[in-house]
Amino acid sequence: MFVCGTTLGYAGELRVVVKDHRGKHVADAVVLATPLDPKSALRAKTPLDAVDQVDKQFVPYVKPVFVGSKIRFPNSDHIRHQVYSFSPAKKFELPLYGGTDAPPVVFDKPGVVVLGCNIHDWMVGYIYVSETPFFAKTEIAGRASIEGLPPGEYHVRLWHPSMEHGEETTVRRVTVTAERPTTLEWELSLKPSLRVPRVSGAPSPGYP
Amino acid sequence: MPVVRPHVQRDALAGRASERGHASAATLGAFAAFLALGATSFAVHADWTPAIEAGVRHDSNVGNAQPTPDIVSDTVVGARVSMFQLFPLGAGYSMTVGGDLSGESFHRLEGLNNASLQAVFALKKKWGLGAFTPWARIGASAGRVDYRDGDRNAWVYRATLASGRRIDARWNLWADYAYERRAANAQEELVPGLSGDAFSQKSHTLGANLEYAMNAGILLTLRLLGRHGDVVSTTEPSANIYYASRALAEDPAFGPEDYAYRLVGTSYGFRVGVGYSPTPHTLLGCGFERLDTYAQGGNRYGKSIPEITWDYVF
């Protein structure tokens with residue numbers, strides 16, 4: 001959940017439940033609420049946040065951040081990682097490092113940033129750089145909540161790493177009021193999740 | 001036909017060889033255990049990556065024999081522990097240094113039970129960042145393998161070259177070449193003028209590999225290979241093979257009447273496999289390998305090797 005940009009004492013709440021076409025709850029879906037009145041988001045902050053590396057995986061797998069945010073990439077593993085992205089929204093590379101001293105990276109352009117490690121090919125993570133400060137990510141139960149929303153009209157949409165169709169196909173116009181939470185439910189079509197295998201089944205060409 | 005020593009003498013020699021094998025294996029095992037313990041403690045604090053694999057396979061023709069009566073099949077249980085460390089060198093280059101310890105236990109042919117220890121060095125180049133860039137790797141390894149039947153004990157040297165590219169998360173392709181030299185303990189000449197060094201071998205192997213991920217948990221694999229070089233066939237005495245052989249030695253691991261002939265041959269084969277990952281660290285595999293060899297002296301033989309494997313990477 002991300003809370004900022006509230007300009008009024010009376011704030012609304014948006015509650016979202018995301019399921020796939022089989023009715024299974026969908027985790028790691030990013031919910032974005034864009035106010036039709038851009039003044040509602042004028043006081044948005046850009047906090048320092050982090051994406052960790054634990055057991056040779058990015059944690060969290062999906063990280064939504066507000067545009068302009070600084071993200072640290074601490075390495076909690078006992079081995080070194082070489083984090084990179086060549087996504088149009090942010091191209092960067094952190095030379096092989098261990099520990100927590102890698103310099104933060106500023107994500108100053110909206111879009112999806114795919115993270116990888118040049119040493120461990122199976123490592124993949126996503127940073128969703130949002131142009132709106134009102135966003136949240138669904139947990140395992142497929143639920144997310146955005147609190148502190150100024151009452152008004154919003155375009156609400158979803159993004160997920162495995163979504164079959166573009167996020168623009170999920171846009172809904174929603175009215176948020178201060179009186180009671182606004183609840184939405186989505187059914188999202190997901191492609192089968194496929195990542196580079198961590199353990200190879202073929203006779204190995206050797207060490208990495 | 002070969003002139004052989006009396007069995008009593010041979011068996012006595014084999015016995016001593018076996019004792020030598022036990023002693024060497026014990027020394028090797030102790031050294032390996034020491035190394036593994038040391039490496040494990042390093043792994044906690046440094047950039048070492050360990051991996052474990054184990055498997056059971058059935059070899060339909062362990063002795064590479066052609067005549068049906070000489071074909072001996074056996075089931076083998078094996079395990080390997082490896083440890084390596086990566087050193088980045090810049091400009092897409094990285095160096096890997098590591099080693100592994102492995103062992104095999106044969107159900108019937110206990111003389112072939114073995115333990116081995118090898119050190120590996122490799123230099124890898126990736127052209128670009130990411131999982132889908134082409135790569136090439138040149139490597140070298142040196143190791144020692146000790147058998148219960150010490151006649152086969154050998155130093156094994158290998159030079160490898162591999163290159164490939166992961167096309168996407170589903171498809172992975174690579175090719176590899178290996179030159180292997182196995183320097184075994186030289187045996188006495190059974191026949192004057194014919195070397196007794198039957199277990200030393202040199203070979204060239206070329207392989208093409210394809211890996212396909214059906215979904216997040218299931219992998220299909222295919223390997224095609226060709227190999228040219230020395231092969232060791234263990235059979236009863238045969239005139240054709242004898243005259244074509246480059247070396248001849250007794251092979252007590254198979255029996256008192258069996259002899260190992262070193263020949264030059266070419267093998268063609270394939271391996272298909274399917275793997276299932278119940279966790280990101282683990283792969284349970286099931287494979288089938290088929291090899292057909294055309295060796296000198298009209299010695300043509302084939303073997304089939306079904307296997308079940310378990311791999312764990314940390």
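Modeller: Over all chains, a search of the whole structure finds 20 salt bridges, a salt bridge being a side-chain nitrogen of Lys or Arg within 4 Å of a carboxyl oxygen of Asp or Glu. This is a predicted model, in which local features need pLDDT of at least 70 and side-chain atom pairs count only at pLDDT 80 or more, while totals for chains, interfaces and linings use all residues. Residues are numbered from 1 along each chain as its sequence is written, chains are lettered from A and ligands numbered from 1 in the order in which they are written, and side-chain values use heavy atoms, with hydrogens and water left out.

One of the salt bridges joins A:Lys19 to A:Glu185, at 3.8 Å from N to O. This pair links distant parts of the chain, 166 residues apart: A:Lys19 belongs to strand β1 (residues 12-20) of chain A and A:Glu185 to strand β17 (residues 182-188) of chain A. Strands (E, at least two residues) are DSSP runs, numbered from the N terminus. A:Lys19 counts as partly exposed because its relative accessibility is 26%, and A:Glu185 counts as partly exposed at 49%; buried means under 20% relative accessible area, exposed over 50%, and partly exposed in between (1.4 Å probe, protein chains only).

A:Asp28 and A:Lys137 form another salt bridge, with the closest N and O atoms 3.4 Å apart. A:Asp28 lies in the loop between β1 and β2 (30-35) of chain A and A:Lys137 in strand β13 (residues 134-137) of chain A, so the pair ties together parts 109 residues apart in sequence. A:Asp28 is buried, at 18% relative accessible area, and A:Lys137 is buried at 16%.

In chain B, the side chains of B:Asp146 and B:Arg144 meet in a salt bridge at 2.9 Å, N to O. Both B:Asp146 and B:Arg144 are buried. Finally, A:Glu131, A:Arg157 and A:Glu167 are joined into one network by salt bridges that share partners.

Terms used: Helix = DSSP H or I, 4+ residues; strand = E, 2+ residues; numbered from the N terminus.
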